[in-house]
Amino acid sequence: MTSPVGTRTLGSTGPAVSALGLGCMGMSQMYGAADRQESIATIHRALDLGVTFLDTSDVYGEGHNEELVGEAIAGRRDEVQLATKFSLRHRPGGGMTIDGRPENVRACAEASLRRLGVDVVDLYYQHRVDPTVPIEDTVGAMAELVQQGKVRHLGLSEASATSIRRAVAVHPIAALQSEWSLWTRDLEVAGGGGAGGDTVLGVAREHGIGIVPFSPLGRGFLTGALTSPADFAEGDWRRTHPRFTGEAFAANLRLVDAVRDLAAEKGATPGQLALAWVLAQGQDVVPIPGTKRRAYLEENVAALDVELTADDLARLDALAPPGVAVGGRYADSGYAYGDSPEKGA
């Protein structure tokens, strides 16, 4: 496979994918209203630019996102490395439930294939680890999908170091999808979802697992486009996000200002610099910035041309050390692997 943006291989057993992916969630939920035609046009533009690694989930828009992605890639399936996820469900009254039971794995996979309009998914993730179901049972059911030819590779999302070790004992894991950016560096920190002195990043690499960072632009904050909470549209979940409210917002703007200054020196936008930092963390790292507009997609792709020197990386490390962001990653900390009940399982 060739790609104008280049390719990277996810870990030692995973697929070759475009060096930059596209997160499609915002086309269906979380970030305010989306225009269906612009969303599909964005996916088409991504494929034209060589961004062929597409990420969705059955929970995004309660299946809407998979249907939209399926519509967009119809006739172009051979160009795409398609990833989707299972195990999360919205509760009617708010919040989420996690279901990692083997029977749910099978049912969700069949439903995803149907909505996507494909025979096989390239990468199938468990969206969150279910603390009530042994991960060996969940991954065992996922492995059956590989044997049946319905899934090519397996992944985990927001899994702890302990869960990663238990999962790989059942079947090779190609990718770990977790939040990683200049303002979320928990993957690199011992205890940030790790066990004892381990880091999640270290354990993943120990087992030949590629890293797929979501929200590499800090949920849009690191682009510099957000200057006050008033910038959020109706229906944008960031209105209640701990890092985007009250004093945290003002405190976090200082990091954006520092990134903006260095970006100007490099002739890049703040978002491009932030994305270039993630891309520079290793050839096994494939970020999936999300957008629902072609203009932002094109800006993100241009980050691949931003070259960071060792001095640049050292300056960014000093500006944005682990823990620099004010506020938690979620209003409900249970969605972050470091606080997950399965951490020490």
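Predicted model: local features only at pLDDT ≥ 70, side-chain atom pairs only at ≥ 80, totals over all residues.

Entry one, backbone. I looked up glutamate 62 and placed it in the loop between strand E4 (53–55) and helix H2 (64–73); its phi is near 55°, a positive value in a residue other than glycine. With a relative accessibility of 47%, glutamate 62 counts as partly exposed.

I then turned to glutamate 158, which also is not a glycine and has a positive phi of about 60°. This residue sits in the loop between strand E9 (151–157) and helix H5 (161–168), and at a relative accessible area of 2% glutamate 158 is buried.

Entry two, aromatic rings. I counted two aromatic pairs. In one, the ring centres of phenylalanine 86 and tyrosine 124 are 5.1 Å apart and the planes meet at 20°, so I noted the pair as stacked. Because phenylalanine 86 belongs to strand E5 (residues 81–86) and tyrosine 124 to strand E8 (residues 121–126), the pair ties together parts 38 residues apart in sequence. Phenylalanine 86 is buried at 0% relative accessibility, and tyrosine 124 is buried at 1%.

For tryptophan 180 and tryptophan 277 I found ring centres 6.2 Å apart and planes at 80°, so this pair is edge-to-face. Tryptophan 180 lies in the loop between strand E10 (175–179) and helix H6 (200–206), and tryptophan 277 in helix H8 (residues 270–279), so the pair ties together parts 97 residues apart in sequence. I recorded both tryptophan 180 and tryptophan 277 as buried.

Technical notes. Residues numbered from 1 in each chain as written. Heavy atoms only, no water. Phe/Tyr/Trp six-rings, centres within 6.5 Å; stacked < 30°, edge-to-face > 60°. Helix = DSSP H or I, 4+ residues; strand = E, 2+ residues; numbered from the N terminus. Buried < 20%, exposed > 50% of the residue type's maximum accessible area, 1.4 Å probe, protein only.
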